[in-house]
Structure formats: C-alpha cells, structure tokens
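Please read it alongside the model.

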Amino acid sequence: MSLGLKWKFPLFLAVLLVFTTSVLSWLVLSGIKTNQREQMEESLQRQADVAEMRVKQDYLTGERLKPVDFMGKQGQELSVDLGISTNMRVILYDAKGQEVGNSLPLAEKPDVGDALSYALKGKIAYITEADSLIYLAPMQGPDGMLGVVQLHTSLKSQHEFYNRMAYRLVWTGGIVLLLSFILGFIYVYRQVRDIVKLKAEADRISRGEYPERSPLRRKDELGQLGTGILHMSRDIKGHMAALQEEKHHLQLAVEKLQALEQQQKQFINNVSHEFKTPLTSIQAYTDLLGMYGDDPQLIEEARSAIAKESERLYQLVEDVLRLSLLEKYDFESQAEEVELADLLQDVVSRISAKATKYDLTIQTDFVPARVWGDRDHFIHIFMNLLDNAIKYNQPGGRIVIQSRVSGDEVSVSVRNTGRIIPREWWAHLFEPFSTLHQDRARSTGGTGLGLPLASQLAEKQGGRLELVRSDAEETEFTVSFPRHSSREN
Amino acid sequence: MMKRHKLLPPVIGVMMAGALLAGCGSPQSNASREVIDKPGKQITVIDTAAEGRKNTGEIQVEQIEKLKDVYGRTWLSDHEAIVERNHVLMIHDFASNIERKLTENPATAGQYLAAASPDGEHVFFTGGNPKDKYDIGGYLLDAASGTVTKTGAFSMLSDMFWADPQHVLVSTDDSKLQLIDLQGKRTPVQFSDPELSDNVPRMASKAGDRYYYLGVHEGYTVLKSFTASAPEAQTIQEGVVTFSLSPDGSAIALEKREWNTTKDAELQLIDASGKKLGTVAKGTLLGRPSWSPDGSKIAFSVYTEGEQGMKGMYVFDKASGKTTPLSTEIQAYDSPAVWSPDGKSLMVYQTVYEGENSNNVTYVVHLK
C-alpha cells in the first residue's frame, strides 16, 4: 500500500522536525555540559594554582626545610588558611601521599586513593561522585614536588541547572514539534486537497466530462495548473465536437452517395426496360411486315402500332430528358404572375376532347387566385394530373377539379373515380420508374415518369404535390402553391 | 532509478547531520585528558606536563628572603644590596648575611635613597642636613675609594636616574632637569615645556640622547619626550601613571589608566615613538614596572579585585610573552622592584600589616 501525498508530506515534516529538535537539544545540552565542565575545571585549577602559590611561597620564604618536613610542619596551618581563602574544604598531602593538613578534620573523608596516586605522579585528577567533586592537583616546588592539594566542591547547582535545561528542552521541543506538525499538516493538507481536486478534474476530462470553471481559486502554481487544465479541456472539447460533426457529415455524404448510386442503377434498369418494350413491339411489326407486307390489314395495324409505340418512345425520351435536366440544373424558369383559375380553365379545355372520347365528365370549381411561377410548368403539372385522371378512370367515370384559397396557400385538387392505388405504393409514387408505374404504364401507355416530373416541377414553383386519398369512391391528388399577392411587387 | 532517488534525501540528511555534529561537537580534543569510570564515580585525569601548563618556563623562584624593617634600595653587586635601616644605608651581603655601613663617616643626618651606577662603581644617594632634616642633598660615592662628593640640594619629588655610568639625571623643584657628573657638577638640560609650569618633571629618564618624563597636559599626566636637538617636549602617550624605560631605550613599559573611569589600569609596552606593542597585564592596582638589566624581563606588582585576575608579583618575559607569578604575598606599589646586575635577584619592599602593627619588609626573590 502506498501512502498518499496527504500523509507522506506531514510524515516527512515530522521526521525532519524530530531530527532538528533532537539535534538542537543535543547540541545545547552537550554545550552546557562541556561549558560547565570547562568552567568548573578552570575555576578549580585557579584555586589549586593559588593554593600551590601560597604553599610554595611559604616554602621558599625563610629557612629552607625538606619538602616533606616543610609540609609536615606547615600543612595543617596552610590547609586551614586555604580553606578560609578558597571557601572549600582543603586537604593537603606531602609528596609521599601522607595527609598533612585538613581544613575540616572532623568531617568524613572519602577515599581518594586512585586520584591521589595520579596527583602524586604530577597529574591533575578529579573524582566526580553524584553531586560532589574532589579535585586533586600536584604542587610543584623548586626542589621537586611539594605535595598535593585536594579541594572539595559541590556540583549540585550545576546538575540542577543542567536538569532544568534538559526538562525545558524536552517540553518546549515537544510542544514546538506538536504545533509545527499541526500547522504543517494543515498547510500540507490544503495543498494536497487542491492537488487531489486537479487530479479528479483530469480524470473527469479523460472520461469526456469537460469542466466549465477552473477547479481552484488561487493565484500560485497550482492555480495556474488548474487554469491550464481548464484551457486544455476546452480545446479537447472543441476538437471532439468538430470531429463528431465531421464524422456526421461524412456519414450523411456516404449514405447519400449510396442512395444515389442505388437510384441511378434502378433508373438505368428501368429506363432500359421501358425503352425495350415499345422497341420490341416496333421490331415485331417490322418483322411481320417483312413476311406479310401485302396484307393491308396488317399494314394498317402495324402503322397504327408503330406510330403509337414511337409516340410513346418520343414521350419517354422527352420525359427522361426533362427529368434529368430538372435534377441536374436549376432551369432558368421564366417566373411570372399567373392567374390560376384562367390557367386551369385553359388546361381543362385542352383535355376535354380526350375526356369525351373516354366517356368521362369533368366538373370544375375554380376560385380566382394568383401564384408566382413558370406558366409552362404549371400547365405541365395540371396536364399530367388530368391526363392521369383520364387514363386511370373507369368508363363513364367523373373527374372533379377544384381550386381553393386558404390563408397564404392556393390548393388545387384533382379527383377521379379511378382505380385504387394500394396504400403500400403511396410512398414510392413520386419516384421515377418505381415498379408500380411499370404495371400501370404498360397497360395505359404511360411513361411512368409523369408523376415524378409533376412533383419536381411543383417543388420548383415552391409548392408540393400529394396523394390525399385513394379508395373505392375516388382518388384525390392535391397540389398547393403559395399564394401570390400583387401588392408584394 | 526510482530507488536511487528515493534514497537520496535520507542520505543527504545523514551526511548533513554528520557534518553538523562534527563541526559543533566537543571542542575538547585534548589527548592529555583521560576519563576512568569506576562504580558510582568517575575519575578524570589531566596530564599537566603534556599540556605544558606550568613549571616548564625558564622563570622559577629559588628562594624568597624577607628582611624586616629595612628598605631595599639598590644592588651594588650580584650578592650585595644597599638597604636603608633606621635611616642609615647599609650594604647587605646575601652570601654571608653580613651587613655593613655604606659610608663609615656619614656627613649626613640620615641617609635615604640610593642608586648604584650601571657599572656598580658609583652610588648616588641622598642624605639630610644635620641642621634641617627636610634639607635633602645628593651625594656621590665612589665605591672603590669610599670618597663622597656633595652634589647640592635634591628635590624630594625627584627621581634619580643613571643616564650613563658618568651621569645622574635629576629633576629640580623649578621644573628643570639636570645632569650631575661624577665630580658633582650640575648641567641643566635644555628643553621647553610650557605646560609644565611649576611641576617637577617626574620619573625623568634618558636613553641615547632622548629624554622622557611625566609631564602634564590639560591637568592629567602624560608621557613626554624631547632630545637635545629638538628640545620642544612632545606628548607621546596620554593617561600614563608610571613608566619605565628599557635599558637600551627601545621600549617603554607604562601603566596606563583612563581618567575618571573605573576601568582597570593596563600595563602596556610601547616603542620609543609611542606605538603600542602590547598589553602585559591589567589590574585595579599596578606597581611601577621594572626592567631587568638585560632588558629581557619586566617585574611588576598587580592587584585585581574579584576572584579572577592577577594578584601579586609577576615577571613578564619579553621574548616568550609569558607572565610568571613569583608570589602572591608581594604586592609592592610604593617603589619598583630592583633587579640585581645579573638579573637573578629582585628586591622590593612593602608595608606588611600584622594586626595593628605595620612593618616594613623587604623581599628578595632569588630566581633559578
């Protein structure tokens, strides 16, 4: 398990603080100890020097005795004098280690044998035992060693001072440690909290959630990092959106291309089939004429059939051309204001002869309405609709053509009592060469391109062509255009 | 790679701590110290010989002699000193411990001061007029013949200084300096010091052709100097209480004190031009320093208030810079110590109080 930053930093801080405070305390305490010892040694050495000087000058002054004899004679007096002047217990030994003077003869005498043997060899030796210190220093004279001076002092105040300092250091060190740790922890916690926020932010971006605002409200490096993440996230978001859109466009284009390809194949299939049918008929008649060219009845029948079929071919070619041109180019149509009622009347009068031939009655009901568009296109649309109404009617049937204005729209409905167009055909009714046309066209001599052409022309004029109903009673097509108001011009 | 980086901070920390402890650790690196742990106690042994702390210097006291009720004045030879006992100058022989009078037929009512010439052939001493004991005169004794020559009145404030084996330099009450030759003839020393007015030029000394004395400047004593060719006295050091010219005149030991402060007086060494060479000692009280005849040592008394500090008589060795205590008992501030011609003995007197009685004691310190 790895510790998070939240714990690593404070722990590191704590270790550092413990280390620092211990080192500092140790240095202070050892400094105190060294200093105490040095001061004590210096002071005692000075006292020993004074004692030595005192003993020596007594020895040097006046009658010269042997050092041992001098010490034996003067030792007690000197030790008392030195005890008064140094304010310490003073014991004097001669050069043989024999005690010759004691400023406090009745007080208990500790064993100083070890230290004394060092002092007699000319070295300073002192014994520290609990709070007491016994200092032994040799005293040199001009004729060799005079003896040893032994000074007694107390270390109690030094030890008390040292212990007090140690106690204080431990306490203050502990408190400082605790406070620093708490403060450091709070500080580090806040930093780490922000870092965690930034990390969460980065995680969100990787999941595709883009933040709107910088997660941190601070001015330092972390704040700048937050702003940087925000900027980065915005850029990523923008790029992702652009990619999606691009992908969508490509998808659409591919679909359209596929549809177009399909449509084109279908169209070519249909066209070739449509062209073949009349050509087959014509070819059959020319073959028959070759074999039986002298039969007047056959000649008459062949002429009539060939004329009919070539008429149909001609119509077919014209429709195909018109349709393909409509699809490819925007015809430069000659738009003008057209009085629809007059135009419809004209169309009806042109077709009425054909209706009479099929024993059909045409009823008209027009209201005056103006539209804006190409007059020829309007005529083509209505001719096509009325032609269909005649072609697919039943003998003795009826055709109703009616125009209405509702709001800003002018609609014209063409109804006939013809065959029912099955519901499933409705969707493909306005597609060129859809299968239903082939059946219909073959039996009626249509090209199968009339309705698609009419529909496209209506759209060019800003209108639409719809099949509204087809049942046992009647079949109704409606074409509607935006109404044109002359005031607009 | 990661491992290495993780290890780096602790390693640096340990190294830093090590450096810290090494730098601030115990300053006691003395190899002469030995600590022996015993149950319940600890014995620390310091080898003083290894530390070279003491008794290795060349100055060591051989013996201290005490002469009661005499004033030690001067040395006639290495073992003979002239002392004043009951207003009579005596020659004390330390070899035999026999004392004899300096002059057999004193022409004076009382003899006081005495200074032997550097070659020991003559002694200049002072004596009183039998008719008026405050009428002090100077006399010259030829040691070999015992002839005494009168040199005229001697100011009680004057010092006598053998400028060379033939001349004694003395001050007069009328602010003049005079050189007395062996015939007793006085020659005034030409110099000018407008600030001296009617003060006596004290502690007048001479080395080569340069004279030194304590004069006055703005009410305080200063060390002044002049030469025969440039007789306008110049102050070369201020705040001087006493001074002593080295035998060759190259250095001056002086007691310097800042007036109107409680600061310790300093015993300083300066060169002939007044440039400070160093401080020898500090103390609440300082005696007049005294150069050994070869100019290698200076003896002085010092007393410092408080537990620490110098107390007693010390000898400063100019070559080694080391100051050696001779005795804590001797603290003479009335007169300087007098060195024997061979520089092996020092004579100084002081008043010793024993109860209600005061006693004048002359100490003679024989050095090894």
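In chain A, 40% of the 489 residues are buried (under 20% relative accessible area, with exposed over 50% and partly exposed in between; 1.4 Å probe, protein chains only). For chain B, 47% of its 368 residues count as buried. This is a predicted model, in which local features need pLDDT of at least 70, side-chain atom pairs count only at pLDDT 80 or more, and totals for chains, interfaces and linings use all residues. Residues are numbered from 1 along each chain as its sequence is written, chains are lettered from A and ligands numbered from 1 in the order written, and side-chain values use heavy atoms, without hydrogens and water.

**Secondary structure**
- Chain A holds ten helices and twelve strands (DSSP runs, numbered from the N terminus: helices are H or I, at least four residues; strands are E, at least two).
- Chain B has two helices and 31 strands.

**Extent of chain A**
- The C-alpha trace of chain A spans about 195 × 60 × 40 Å along its principal axes.

**Contacts**
- Take contacts (heavy atoms within 4.5 Å) between residues at least 6 apart in sequence: in chain A, 64% join residues at least 24 apart.
- For contacts in chain B between residues at least 6 apart in sequence, 36% join residues at least 24 apart.

**Surface**
- Chain A has an accessible surface of about 28,400 Å², 56% of it from carbon and sulfur atoms (Shrake-Rupley method, 1.4 Å probe; for residues, only the protein chains shown count as cover).
- The accessible surface of chain B is about 18,500 Å², with 52% belonging to carbon and sulfur atoms.
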